[in-house]
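Hi there,

Here is the structure I promised to pass along. Have a look at it first, and then read my notes below.

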Amino acid sequence: MLEVRNYIRGEWLSLRGGRELEVRNPANLDEILGRGYLASAAHADAAITAANTALHEWAGMPAPKRGEIVERAGDILKAEMDDVARLLTREEGKTFTDAKGEVYRAYNVLNYTAGQSRRVGGVTIPSELPRNFAYTMRQPLGVVALITPWNFPIAIPAWKIAPALVAGNTVVFKPSSTTPLTAARLVEIFERAGLPAGVLNLLVGSSADVGEMLMKDRRIRGISFTGSSENGTQIYTTCANRGIKAQCEMGGKNPVVVLEDADLTLACEGIVSGAFGSTGQRCTATSRAILQDSIADEIISKMADKVSKWKVGNGLESDVQMGPLVSEQQMKTVEHYIDVGKKEGGSVVTGGGRPSGVPRGYYLQPTIFDHVSPDSLIAREEIFGPVLSVIRARDYEEALQFANSSEYGLTSSIYTNDAGKIFDFCERVETGMVHVNSPTVGGEAQIPFGGVKSSGVGEREQGPTVLDFYTDVKVVYIDYTGAVRTSKFY
């Protein structure tokens with residue numbers, strides 16, 4: 001059993017007193033993974049102070065040298081990938097295959113972002129003035145707070161911490177208290193990579209205590225958040241009132257449109273993996289399958305046949321296709337939406353309950369609803385679990401209308417072989433990311449990630465824009481004439 005610890009000023013702290021935290025394996029509730037105590041507002045103050053003290057020296061280090069530390073962290077993570085993935089599976093519940101994929105994505109992010117340390121530059125711009133040199137430079141924000149969820153407990157922290165550090169910021173990192181052990185493992189890797197004390201601080205605490213402190217402390221100059229739209233909106237509003245930057249990646253209700261000319265086997269595979277991979281607990285999960293009427297029955301039959309044969313169980317078992325939900329609260333939330341879907345008139349094609357023959361854990365069957373109204377709750381609200389709503393459409397235009405009817409706009413997909421409709425969909429669908437003939441999920445370190453509408457505000461994460469949020473642009477004018485200008489044109 002591991003101890004839940006905090007990391008402040010380069011020291012691992014074993015807290016005593018306060019609110020106790022117990023971490024159990026969601027696939028086997030009899031297995032206790034860790035115990036400890038949540039950080040308080042006083043610990044948050046100490047972490048912010050440590051980050052503020054370390055800021056000057058860290059920001060003054062050449063960016064490529066900062067990048068070397070991030071790159072070493074990536075190398076350590078890659079070397080220990082299987083071990084980290086096992087911990088992730090035991091703590092969060094996703095299958096070992098999914099966990100390894102997440103750890104490898106974190107490695108890719110660290111490796112790519114380390115390379116960006118040699119590109120933390122500006123541009124030269126022609127001036128209207130004679131003998132005048134104008135250019136821009138990028139400078140760090142200062143102390144930044146990074147708030148991350150439980151569903152990707154190593155990848156999301158990696159893609160926030162790496163650019164924050166490369167840009168020269170110091171960090172106060174608040175992970176979800178549901179997955180503190182995986183978060184601590186990542187921080188430990190950064191420590192072993194040679195990160196100086198105080199540059200990265202870990203706080204495992206509640207939103208009421210630690211979260212409020214991070215939002216209101218004047219020394220915090222930027223907040224990057226991934227989580228619910230409700231919390232993200234609150235953070236964005238608080239940051240706007242304080243005049244500091246905020247980056248919020250929030251919810252999704254992601255549609256897949258399948259037209260009658262599509263490869264239905266390919267579409268079935270993509271929808272099933274997008275809807276039920278990681279137990280549906282990802283912001284990019286496929287929530288709505290919008291199927292053209294003429295092929296709806298066939299593809300629903302293919303999907304139901306496939307997922308009804310899936311084994312649900314402990315993600316460390318090699319023959320398991322889907323693990324448990326992360327917590328009792330999450331399981332009850334998903335069960336509530338299944339009940340709502342039935343009352344709203346949706347028909348359960350497969351699933352809809354708890355599987356038999358599994359250990360004591362937070363298990364639900366992969367569930368498909370057919371004949372779902374686009375105005376129903378299960379078609380509009382984010383469920384964050386293994387529930388897929390099938391909406392039938394007469395033609396492409398109606399399918400696109402249904403796809404855009406959501407308040408969310410993270411990612412979308414279309415399955416068709418019609419080139420005209422492909423390009424039309426890419427242009428008109430209201431999402432930050434679009435996939436063609438592939439699932440809604442997935443992303444690459446070198447490509448920007450983010451949504452529109454209620455799915456995201458602030459600069460994109462990852463890719464060539466990865467440093468935009470974490471830096472301010474300073475403009476410099478150098479007049480080397482050595483004379484007072486008298487011309488009316490200047």
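This is a predicted model: local features need pLDDT of at least 70, side-chain atom pairs count only at pLDDT 80 or more; totals for chains, interfaces and linings use all residues.

Let me start with Thr170, which is part of strand 9 (residues 170–174). A polar atom of the Thr170 side chain sits 2.9 Å from the backbone oxygen of Ala51. Leaving aside residues up to four places away in sequence, Thr170 touches Ala51, Asn52, Ala54, Leu55 and Trp58, along with Gly142, Val143, Val144, Gly198 and Val199.

On the surface, there is a nonpolar patch formed by Phe133, Ile478 and Tyr480. Together these residues have about 290 Å² of accessible area. Tyr480 is located in the segment after strand 23 (471–479).

How many disulfides does the model have? The count is zero, with a pair of cysteine sulfur atoms required to be within 2.5 Å. For Cys248, the nearest cysteine sulfur belongs to Cys239 and is 6.7 Å away. Cys248 counts as buried, because its relative accessibility is 3%. For Cys426, the nearest cysteine sulfur is that of Cys283, 20 Å away. Cys426 counts as partly exposed, because its relative accessibility is 33%.

Best wishes

Notes
Residues are numbered from 1 along each chain as its sequence is written. Side-chain values use heavy atoms; hydrogens and water are left out. Patches are made of residues with over 30% relative accessible area and no salt bridge: like charges are joined within 9 Å, nonpolar side chains (Val, Leu, Ile, Met, Phe, Trp, Tyr) within 5 Å. Accessible areas come from the Shrake-Rupley method with a 1.4 Å probe; for residues, only the protein chains shown count as cover. A salt bridge is a side-chain nitrogen of Lys or Arg within 4 Å of a carboxyl oxygen of Asp or Glu. Helices (H or I, at least four residues) and strands (E, at least two) are DSSP runs, numbered from the N terminus. A polar contact is a pair of N or O atoms within 3.5 Å; within protein, one must be able to donate a hydrogen and the other to accept it, and residues adjacent in sequence count only if both atoms are side-chain atoms. Contact means heavy atoms within 4.5 Å. Buried means under 20% relative accessible area, exposed over 50%, partly exposed in between (1.4 Å probe, protein chains only).
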